[in-house]
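Please work through the exercises below with the sequence and the model at hand. Each task is followed by a solution in steps.

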Amino acid sequence: MGAGHDQSETEPEVSAVGRRLATGAEPYFYTAPALLLIIAVMLVPLSVGLSYAFRDIQLLDPFSGGFVGFDHFRELKADRNFRAALLNTLIWTGASVALQFIFGLILALLLNREFPGRRLVQALVFLPWAVPTFLVGLDWAWLFNPVVGPLPGWLFALKITHDTNNLLAAPGTALIGPIVASIWWGIPFFAITNLAALQSIPKDLYEAASIDGASVFKQFRSITLPLLAPTLAITILLRTVWVANFADLIVVMTNGGPADSTQTVASYIFTVAFRRLDFGYASSIAAVLLILLFIYALAILSLRRLIMQRQS
Amino acid sequence: MGRSECGHPREFEASPRVRAALWLAGTALGLSLSLSAEAATTLKLVEVITSPERTETLKSIVKTFEDANPDVRIEITSLPWGPSFEKLATMVAAGDTPDVVEMPDVWLALYANNGALESLEPYLKTWQHTGELNQRALQLGRVVGYTAYMLPYGFYLRALYYNKKLFAAAGVSAPPRTLDEFVAVAKKVSSLPGKYGYCLRGGAGGVNAWMMFGALANGSDVFFKADGSSTFTDAGWIKGFSALADMYKSGLAPKDSVNWGYNDIIAGFYSGTCAMIENDPDALIAIAERMKPDEYGIAPWIKGPSGKSFPTIGYTGWSMFANSKHKDLAWKLIATLDGVPGNLVWNRRIGALPIYTAAAKDPLYADARFKAWFDELNDPDVAPMVMPVDLRAWALFASSIVPRTSQSLLLGQITAPEMAQQWAQVMTKAKQSQK
Amino acid sequence: MTIRMLRRILYWCSHYLLIGLYVLFALFPLFWLIKVALTPNDLLYSEGIRLWPSRTSLEHFRFVLAHSEFPLFFRNSLIVSSGTAVSVTLISGVGGYGLSRFSFRGKPLLVALMLITQMFPLVMLVAPMFRLFAPLGLTNSLTGLVIVYTAFNAPFATFLMQSFFDAIPKELEEAAMIDGATRFGAFRRIILPLTLPGIAATGGFVFTAAWSELLFALMLNSSSQASTFPVGLLSFVSKFSVDFGQMMAAGVLALIPACLFFLAIQRYLVRGLTAGAVKG
C-alpha cells in the first residue's frame, strides 16, 4: 500500500508505535459510527427521560418540574395497578416469545431443506412481519369479532369455546387475542434469523455425523443447537425486550381492558403518561421496567457465554 | 479555464456559460426574496377531529380568509383523530404551539388552567357578532374561570337514534320515552336472535351514557354539593348506574360492547346489530351514509321517573394560544371560522347545532331529522347536562377511570355502589383541590 | 428398502403438511385484509363472516389512490425506509465486525449501552426527543425520521451482524493480512461477500421495521408532507366514517413493496456459505 518500502526501513520506531496505536484504536474505528449515533440520538433523550423519574413533570403544566427524589418509586411500591400490570406483562411476554420462538425455529428447520417451491413458500410465510403492528392489531381484532370475523364461529364449531362471544371481551381470555396476533407477527422474525444461522452451519458436519450413525435428533442436539445458540440468545433477548416494551397490539385490540385485564406495564406507562399526563410517575415505572429487563439481559448473555465456552 | 505551461491554473475567467448561470441565479434569488416578502406572515392552525371531508371544508373557509388577507398564509395541520390528544399535548409540551387550535370541551380545562390559552374577552367586546351568539355559546366558552378561553363553534346534544326495521321486527311501534319503556323495548329487540336492544359504549368515551342514565334516575344533574363533595353516592345516581349495568348483564347489549368505543357503537347501529344508541347530530353523517332514511329514526332522549331528561351537551370551538406572535391576526382567523357565513358552512359539514340564535332557522336544521334535537332544546323538561369539564382531573376521569371501573361493574367484579363510591372519591378530590 | 421408502414418504408428507399449515396461518389474516378491502361498504357488516363477499368492488382502492394523500405517504415511506436500511446496514456492518473480531476494554460498556436503548419504552422518549430535534429542524422532516430509525435499529442490526461474522473464522482475513492486505481491505473483499445472506436479512428487517413504524412518525412529524403511510392509515379512522374498507385497501397497497423487497432478498438467504469449505 502506498509508497515503496524505503519508508518503513528509514523510520521503524515511529511507524511501529503508530501501528500499535492504530491497532489499539482499530475496534473503536469500526464501532464509532454506531456508538456516536446511538449516544447522540437515543441516550441523550433516554437520560432526560429517566431524569423525569425523580421530578414532578406534569406534561401540560409548565410550572411543574420540581425535584421529588424517590417519591414516585415509593408510590410505585404501593401501586396495585402496577403489580397487576407486571403479572400481565410476564404472561404476555412469556407466552408470546416462547410460542413464536418455537414455531419460528420449526419453520426455519422446515425451510432449511431444499424442496420444490421453497422460494415461494419462504416469501409467503415471511409476509406477516411486513405488516405494521397497528394494522395487525386491527386485522386480528376483526378476526376475533363475532360480527365481522370467522374465528368465533370456528372456535365454537370446534368445541374450543362454548359460545360465539368475542374472546377480547372477557377478562379471562382477553389477553389471548394480542398473544396470538403477536405470535403471527413474530414467527417470521425467528424463522429468518434462525434460517440464516442454520445456513451457516457447514453441511459436512452433518454428513460426518450421519456417517457415524447419529440420529436426526442427536444431530440436532449436538450440532444444530450449540451452533445456533449465539443467534438464539440474541434474538430471544431482543424479542423479549421488544414485546415487553411495545404496547401497540394491546392498545389497538383491547386498550388495556376490559377492566385492565390486559394492561401491561408498557400500556400502563402510556396511560399514566398520556392520560394522567404525569410524566414523572410514568418515567419511574419505565425505570423499573428498564432495570428488570437489564437483569434479564445479563442472565441471557451469561448463559450464552457459558454455552459458547462449553463449545470451545 | 486552462492550465498554463508550468501547471498552475490561470486566473479565474468567467466563461459566457458561467456568467449566464450566475445571472439566472441572481434573478431567482431576487424573485424568491420578493415573493417571500409578500407572504410575510404564516399562521398555524391545528384541527384535531380530523376527517377528509372536514379538512376540505376547513380549507375552503380558510381560503376565504386568505383571499381577504393576501399577505397572510395559513398552515393547516390535521392531527389524526385517534391519537390527537397525545399528539397535541406532546407538541405543546415541547413548545411547538400553533396560533389557533380546535379545542374540544374536554381538553379546555387542561390547557386553560395552565395559562396556555389566550383570553378572548377583549376581542369579544368589540366583535360585531357577539350579540348574535346564543346564550349557551358564551356561557360554555367561559366555563373555565368565567373567561372565554375558547369560542365554541357548535354544540353536540345527545338524542336517541333507533332502528325502525328492528323495532318493526320486534313489534315495537314507537321509540321509548321513559327509562322503563327503554328497558322494555330493549328486551323485546334482544329476543330477536342475534340482535340486541342497546349499543352500549363500554370503552373509551362511555362516560356520557353513565351520566345520562344516572342523572335521569336521580332527577337532578347536580354533580357537587355546596362543600365540593360529589353527589355520586346518592341513591338516585346509583339507581341509574345499576339500570345501565343491568341492561348489559341481562344481555340487552352485545357481550363485547364492554370494549366498544365510538366507531364500534356506530357500526353496531348501522349494521343492525343493536337497535338504539344515544348520540350527537354528527353521528348522523356516518349513519345517513350507511342507512336509508326509512330505516332509522331520531327521538328526544328519554325522561326519568321525575319527568326530566338530561341529555349531555358537549361543544368544541376555537382557541388561541397565549404565546402566539400574531394575536390580532389569530383572532381574525377565529372570527372568520366562527363568523356568520363561515360557521354555518362549518356546521353544515360537521353536523353540530348552531351557536347563532338566528341560525336555528337555517334550512339545514329544518330537516326532519334535526327535529328531535330542536324539540329537546325547546322542551322545558329537558335540561341539557354540561359535564364538569372545568375540572382539570375530568380528562383523566373520563378517559381512564370511568372505562376501567365501569367495565369492572359490567363484568360483575364490583357493585354499583362501589363504583359510585370510587367515582365520588375522585370527583370530590378534583373539585376541592381546584378551589 | 420399502421401510426406508415408507419413512421417506412419511417424512415428506408431514413436511409438506406442516409447511402447508404455516402458509395457511401466515396468509389467512392477509387474505382477510384483502377480502375486507374488496367488500363494498353496504356488505361490510351484513356479510361480515362470509369467506368472500357476494359482490366485490374496487371502490376502496380507487378512493385511496385518488382522494387521499396516500401516494404521497407511500413515497415518503419509501424514502425513509430505504434510507434507514442503507444507513443501518453500513453502520452495523462495520460495528458488528468490530464487535465480532476484537475484544477491547470498552466492549462490555458498548454492548450494555446498546441494550439499554432497546429497553426504555419509546413513549417516554418521544417528548425529550421532540424537544431535542425541534431546534435542529429535524421535526416534520423525513431526514429526522431516518436518523431516529437508524439509531433505534442499529443495536439490533449490529448484534445480528456480529453473530453472522462470528460464524466466519478469523483465519480468513488473517491469512489475507499476512499477504499484505489491510484489515479493512480483507473485510471488504473477503468477509463481506461471505455474509451476504446476513446483510440481506438485516437489511430486510430494518426496511420493514422502518416501513411500519408508527409512534415516531406520528409524534415527530405533523404535516402531511412529512407523513409516512402508517400515519396515513390512521387518517381513515375518523369520527365520521369508520372506513375500515379504505384502511384495509391502503394496508394492502402498502404491503406490496414490503413483499417485493422480501421476494428480492430470498435469493440471498437461500445461498449457502462457503466458510465451511475453509474449515474443512
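This is a predicted model: local features need pLDDT of at least 70, side-chain atom pairs count only at pLDDT 80 or more; totals for chains, interfaces and linings use all residues.

**Exercise 1. Describe the make-up and overall form of chain A: is it a compact globule or more spread out than one?**

Step 1. Begin with the secondary structure. Chain A has 13 helices and 0 strands, and its elements, read from the N terminus, run α-α-α-α-α-α-α-α-α-α-α-α-α.

Step 2. Compare the radius of gyration with the globule rule. For 312 residues the rule gives 20 Å, whereas chain A has 26 Å, well over that value, so chain A is more spread out than a compact globule.

Step 3. The C-alpha trace of chain A spans about 80 × 65 × 35 Å along its principal axes.

Step 4. Consider burial and contacts. Of the 312 residues in chain A, 48% are buried. Among contacts in chain A with a separation of 6 or more, 68% are between residues 24 or more positions apart.

**Exercise 2. State which elements chain B contains, and what share of its residues count as buried.**

Step 1. Chain B has 18 helices and 10 strands.

Step 2. Its C-alpha atoms fill a box of roughly 105 × 50 × 50 Å along the principal axes.

Step 3. Buried residues account for 49% of the 435 residues of chain B. When contacts in chain B between residues at least 6 apart in sequence are considered, 78% of them join residues at least 24 apart.

**Exercise 3. Characterise the packing of H2(B) against H14(B): what is the angle, and which residues meet?**

Step 1. Two packed helices are described by the angle between their axes and the distance between the axes.

Step 2. Apply the description. Helix H2 (residues 52-68) of chain B and helix H14 (residues 340-350) of chain B have axes 10 Å apart and pack at about 170°.

Step 3. Classify the angle. Angles over 145 degrees count as roughly antiparallel, and H2(B) and H14(B) are therefore roughly antiparallel to each other.

Step 4. Identify the residues. From H2(B), B:Glu53, B:Arg54, B:Thr57 and B:Ile61 meet B:Gly342, B:Val345, B:Trp346, B:Arg349 and B:Ile350 of H14(B). By class, this contact comprises 4 nonpolar, 2 polar and 3 charged residues.

**Exercise 4. Carry out the corresponding analysis for H10(B) and H18(B): at what angle do their axes cross?**

Step 1. The axes of helix H10 (residues 235-249) and helix H18 (residues 416-434), both of chain B, come within 9 Å and cross at roughly 125°.

Step 2. This angle makes H10(B) oblique to H18(B). The crossing of H10(B) with H18(B) is right-handed.

Step 3. On the H10(B) side, the contact is made by B:Trp237, B:Ile238, B:Phe241, B:Ser242 and B:Ala245, and on the H18(B) side by B:Ala416, B:Pro417, B:Met419 and B:Ala420.

Step 4. The contact of H10(B) with H18(B) consists of 8 nonpolar residues and 1 polar residue, with no charged residues.

**Exercise 5. Determine how many residues chain C places in contact with chain B, and how many residues of chain A are in contact with chain C.**

Step 1. Between chains C and B, 23 residues of chain C are in contact with 27 residues of chain B.

Step 2. Helix H5 (122-133), helix H10 (215-220) and helix H11 (229-234) of chain C each supply at least two residues of the side that touches chain B. H5(C) gives the most, with 4 residues.

Step 3. The side of chain C that touches chain B has 12 nonpolar, 9 polar and 2 charged residues.

Step 4. Between chains A and C, 76 residues of chain A are in contact with 80 residues of chain C. Helix H2 (residues 12-51) of chain A contributes the largest share of the side of chain A that touches chain C, 17 residues.

Step 5. By class, the side of chain A that touches chain C has 59 nonpolar, 12 polar and 5 charged residues.

Technical notes: Residues are numbered from 1 along each chain as its sequence is written. Chains are lettered from A and ligands numbered from 1 in the order in which they are written. Axes are lines fitted to C-alpha atoms, for helices over the stretch in contact, and angles run from 0 to 180 degrees between N-to-C directions. Angles under 35 degrees count as roughly parallel, over 145 as roughly antiparallel, 65 to 115 as roughly perpendicular and the rest as oblique. A crossing is left-handed if the near helix is turned anticlockwise from the far one by less than a right angle, and right-handed if clockwise. Two residues are in contact if their C-beta atoms, placed from the backbone, lie within 7 Å. Ala, Val, Leu, Ile, Met, Phe, Trp, Tyr, Cys and Pro count as nonpolar, Asp, Glu, Lys and Arg as charged, and the others, Gly among them, as polar. The radius of gyration is taken over C-alpha atoms; the globule rule is 2.2 Å times the number of residues to the power 0.38. A residue is buried if 20 or more other C-beta atoms lie within 10 Å of its own, exposed if 12 or fewer, and partly exposed in between; C-beta atoms are placed from the backbone.
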